[in-house]
Amino acid sequence: MTDRPSWAPQGIDLTVPSVSRVYDYFLGGSHNFEVDREVARRAVKALPGAPKIAQANRAAMRRAVRFAMDRGITQFLDIGSGIPTFGNVHEVAQAVDPGVRVVYIDNDPVAVAHSRAVLEGNEWATVAAADLRDPRSILEHTETRRLLDFDRPIALMLVAVVPFLPDEEHPAEVIATLRDALAPGSVVVITHATLENGPAAAGQRGVQQAYQRTNTPLLMRTAAELEPFFDGFEIVEPGIVPLPFWRPDTPHTDEDDPSVLHGLAGVGLKA
């Protein structure tokens, strides 16, 4: 029998891996189980640079947060936020402006429980249990409505979550529902796994196979396939590009791990 850590909520099946806990492991977090680490090890065996993709994804998220704040946005709705390992949205944003408001949304009870612990005492950041597949439940959640003012611009963060929304669940329509609730001047941030650009497409397919062991398999999409997700938004420069090329702090070089090119990032502005 698997021992249940004290931080794990009752009712969690410790034998079923979770994408948020796999991601936590890649980022160096400690809130994951052996079953999650096994998926991560399989992914790394297929593509040794897989953790680098997660780290590049987190770095692109931080740059996008700064972009939104440079536009005067002080509200963030982070859906599929996962487990708040170091450098999450509220840490980046509130380091600049302590009054920035952040609502985290996740459907993983471990992510929600740990987020509550991390955010205790932070009056401008909260977490709610909800699912991207039901956007109305997010928009109408009491925590969302308590903290966010939808008459003012909001940064909608869809970071490494849309790859787990298959076409049959109509991701473009889901995002459109969220978009329609946002005020003009809002932004959407989307990052996504891809088989494009990087030299290790076979390895990335192996990562997909590893994620088949979870209850939310990983999907790959091209930049062109992501464009409909930005309907109603103006995609800002440099467009939908590999993670290290989205407004980098330092230029990507040939010495950097090429695996990070298997992630895409794009930001859209609602007029």
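This report describes salt bridges, helix packing, nonpolar cores and backbone features in one predicted model.

Because the model is predicted, local features need pLDDT of at least 70 and side-chain atom pairs count only at pLDDT 80 or more, whereas totals for chains, interfaces and linings use all residues. Residues are numbered from 1 along each chain as its sequence is written, and side-chain values use heavy atoms, with hydrogens and water left out.

**Salt bridges**

With a salt bridge taken as a side-chain nitrogen of Lys or Arg within 4 Å of a carboxyl oxygen of Asp or Glu, the count comes to 12.

| Pair | N to O distance |
|---|---|
| Asp36 and Arg21 | 2.7 Å |
| Glu38 and Arg42 | 3.1 Å |
| Arg133 and Asp131 | 2.7 Å |

The salt bridge between Asp36 and Arg21 links distant parts of the chain, with Asp36 in helix α2 (residues 34–46) and Arg21 in helix α1 (residues 19–26), 15 residues apart. Helices (H or I, at least four residues) and strands (E, at least two) are DSSP runs, numbered from the N terminus. Both Asp36 and Arg21 are buried, where buried means under 20% relative accessible area, exposed means over 50%, and partly exposed lies in between (1.4 Å probe, protein chains only).

Glu38 and Arg42, by contrast, both lie in helix α2, 4 residues apart, or about one turn of the helix. An α-helix has 3.6 residues a turn, so residues three or four places apart point the same way. Glu38 is partly exposed at 26% relative accessibility, and Arg42 is partly exposed at 40%. These two residues also belong to a network of salt bridges that links Glu34, Arg37, Glu38, Arg41 and Arg42. In the remaining tabulated pair, Arg133 is partly exposed at 42% relative accessibility, while Asp131 is buried at 18%.

**Packing of α1 and α2**

Helices α1 and α2 pack at an angle of about 65 degrees with their axes 9 Å apart; the axes are lines fitted to C-alpha atoms over the stretch in contact, and angles run from 0 to 180 degrees between N-to-C directions. Contact, defined as heavy atoms within 4.5 Å, is made by Arg21, Val22, Tyr25 and Phe26 of α1 and by Asp36, Arg37, Val39, Ala40, Ala43 and Val44 of α2.

**Nonpolar cores**

A nonpolar core is a set of buried Ala, Val, Leu, Ile, Met, Phe, Trp, Tyr and Cys residues joined through side-chain atoms within 4.5 Å. The largest has 51 residues, and those with the most contacts inside it are Val65 and Phe76. Helix α3 (residues 50–70) gives the most to this core, with 11 residues. A second, separate core of 31 residues includes Leu148, Leu178, Ala223 and Phe233.

Leu178 is also one of the buried residues of helix α8 (residues 171–180), together with Pro171, Val174, Ile175, Ala176 and Arg179. The buried residues of α8 pack against β1 (75–79), α6 (135–139), β4 (155–159) and β5 (187–193).

**Backbone features in loops**

The peptide bond from Glu237 to Pro238 is cis, with omega near 10 degrees, and Pro238 sits in the loop between β6 (234–235) and β7 (241–242). Ala160, in the loop between β4 and α8, has a positive phi near 55 degrees although it is a residue other than glycine, and is partly exposed at 23% relative accessible area. Arg247, in the loop between β7 and β8 (263–269), likewise has a positive phi, near 45 degrees, and is partly exposed at 36% relative accessibility.
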